[in-house]
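Here's a quick briefing to read alongside the model. Grab your viewer and follow along, topic by topic.

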Amino acid sequence: MRAVVFESEGSLILTDRPDPAPGHKQILIQTAAVGMCGTDTHVFDGEFEGTVFPLVPGHEATGTIVELGEGVNEGVFDFQVGDHVAVNPSTVCGECEFCLNGHQNLCRFWNGLGVVASDGASQERFVAPAGNVYKLKPETDLYQAALIEPLACAIRGWDVLPRRLGDHVLVYGAGTMGLLMAQLAPRAGAASVTVVDLNEQRLQAAADVGVQHRFTGADEAGAAQGREKWDVVIDCTGSIRAIEDALTRVKPAGFFQDFGVAPADRTANYSPFRVYRDEISIVGTMAVLNSFGRAVELFEAGAIKPEAMISHSFTLEDYADALEMFRAGTGRKLQIRPNDTESRVFA
């Protein structure tokens with residue numbers, strides 16, 4: 001079985017290894033698609049806290065069940081070989097303070113498949129705990145459904161925002177997460193959604209998923225719409241410059257969300273007086289919390305336009321090319337399809 005392995009910080013190989021065997025209440029899955037994410041670059045560069053090398057990357061995964069481990073269907077599950085599934089990569093201890101108080105996404109022993117200490121899906125087959133596996137409808141496109149994991153993160157993002165009817169929402173960044181947050185905004189009650197991005201290709205992607213208001217900057221957006229500030233402003237870039245600008249665009253009594261992942265050692269400047277005087281709420285959001293099942297439901301209900309979001313797929317042999325393209329910020333969503341024999345361009 002072929003697998004991409006991050007041997008150490010900054011080093012990857014494509015290698016043959018034995019098929020993994022499912023243990024107690026584990027499921028063996030043949031990988032259909034695994035999305036490439038900024039987290040993958042942080043892991044590869046040795047910037048993600050807790051990563052243990054060597055590691056197979058890939059945490060936004062779908063596939064087909066190949067084998068059930070002992071005890072999988074002894075409780076509430078009813079999985080069968082051949083089922084199409086999506087996988088929540090987050091595993092938690094269930095015992096720490098945060099797991100016990102309902103914040104499992106902040107577990108002090110959090111382990112993500114393909115991120116920390118368990119192999120991910122950038123291989124022909126991978127193993128996942130049964131409790132992390134979600135059955136899909138037979139007609140659901142397995143390749144497009146690899147967007148379910150980032151969609152679950154976006155749902156968590158909206159869980160900590162007000163979701164008031166009639167709010168005007170400004171999103172910084174038209175990458176995968178910006179497009180998902182923007183597509184969910186009307187379902188959360190937004191009267192208007194505006195996306196800003198310096199990359200014209202990404203603004204075209206925003207148009208293709210149905211975002212009406214698209215600009216290269218907030219000044220341009222404000223001038224076109226006759227507004228200076230927005231009720232909810234969401235940064236999906238992780239750029240310090242964007243974050244600093246975004247905070248100035250929030251209305252009094254409004255909300256700013258830090259969604260994008262900024263470098264851990266960077267700080268942003270803002271006016272504490274204005275946060276105080278205008279009662280601005282600043283909220284963070286981390287990964288998935290009780291939102292994966294809802295992501296499956298929303299995806300299969302057509303809440304997003306996945307076909308417009310995926311631009312390229314890569315074979316395992318071309319993984320390094322995909323990583324380089326991701327760093328360059330070109331294309332839309334990039335996927336690894338470990339059982340494909342050729343890489344493809346869709347948009």
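Let's start with an open sheet of six strands, ordered β12-β11-β10-β13-β14-β15 and paired in parallel. Strands here are DSSP E runs of at least two residues and helices are H or I runs of at least four, numbered from the N terminus, while two strands pair if DSSP finds at least two bridges between them. This is a predicted model, so local features need pLDDT of at least 70 and side-chain atom pairs count only at pLDDT 80 or more, whereas totals for chains, interfaces and linings use all residues. Residues are numbered from 1 along each chain as its sequence is written, and side-chain values use heavy atoms, with hydrogens and water left out.

**The sheet and its helix**

- β12 (213-215) and β15 (281-284) sit at the edges with a single partner strand each, so one side of each has no neighbour in the sheet.
- From one strand to the next, the twist averages 20°; angles run from 0 to 180 degrees between N-to-C directions, using axes fitted to C-alpha atoms, for helices over the stretch in contact.
- Five bridges join β13 (residues 230-235) to β14 (residues 250-258) in the parallel sense, and Val232 stands opposite Phe255 in β14.
- Helix α6 (residues 218-225) lies across β10 (168-172), β11 (192-196), β12 and β13, and it runs at about 140° to β12.

**Gly120**

- You'll find Gly120 in the loop between β7 (111-112) and β8 (125-129).
- Gly120 is buried, with a relative accessible area of 0% (buried means under 20%, exposed over 50%, partly exposed in between, with a 1.4 Å probe and protein chains only).
- Leaving aside residues up to four places away in sequence, Gly120 touches Val56, Pro57, Gly58, Leu113, Gly114 and Phe126, where contact means heavy atoms within 4.5 Å.

**Aromatic pairs**

- There are six aromatic pairs, counting Phe, Tyr and Trp rings (for Trp, the six-membered one) with centres within 6.5 Å; planes under 30 degrees apart are stacked, over 60 edge-to-face, and the rest tilted.
- Phe6 and Tyr319 make an edge-to-face pair, at 6.0 Å centre to centre with 75° between the planes.
- Phe6 belongs to strand β1 (residues 2-8) and Tyr319 to helix α10 (residues 319-328), so this pair ties together parts 313 residues apart in sequence.
- Both Phe6 and Tyr319 are buried, and together with Phe44 they form one aromatic cluster.

**Helix α9**

- Phe292, Ala295, Val296 and Phe299 are the buried residues of α9 (residues 292-300).
- These residues cover an arc of only 100° around the axis, which puts them on the same side of α9; the arc is that of the directions from the helix axis to the C-beta atoms.
- Their cover includes β5 (84-87), β9 (133-135) and α3 (148-159).
- After α9 comes Gly302, with a positive phi near 85°.

**Cysteines**

- Searching the whole structure turns up zero disulfides, a disulfide being a pair of cysteine sulfur atoms within 2.5 Å.
- Cys93 is in no disulfide, and its nearest cysteine sulfur, in Cys107, is 3.6 Å away; Cys93 is partly exposed, at 30% relative accessible area.
- The Cys96 sulfur has its closest cysteine sulfur in Cys99, at 3.8 Å, which is too far for a bond; Cys96 is buried, with a relative accessible area of 10%.
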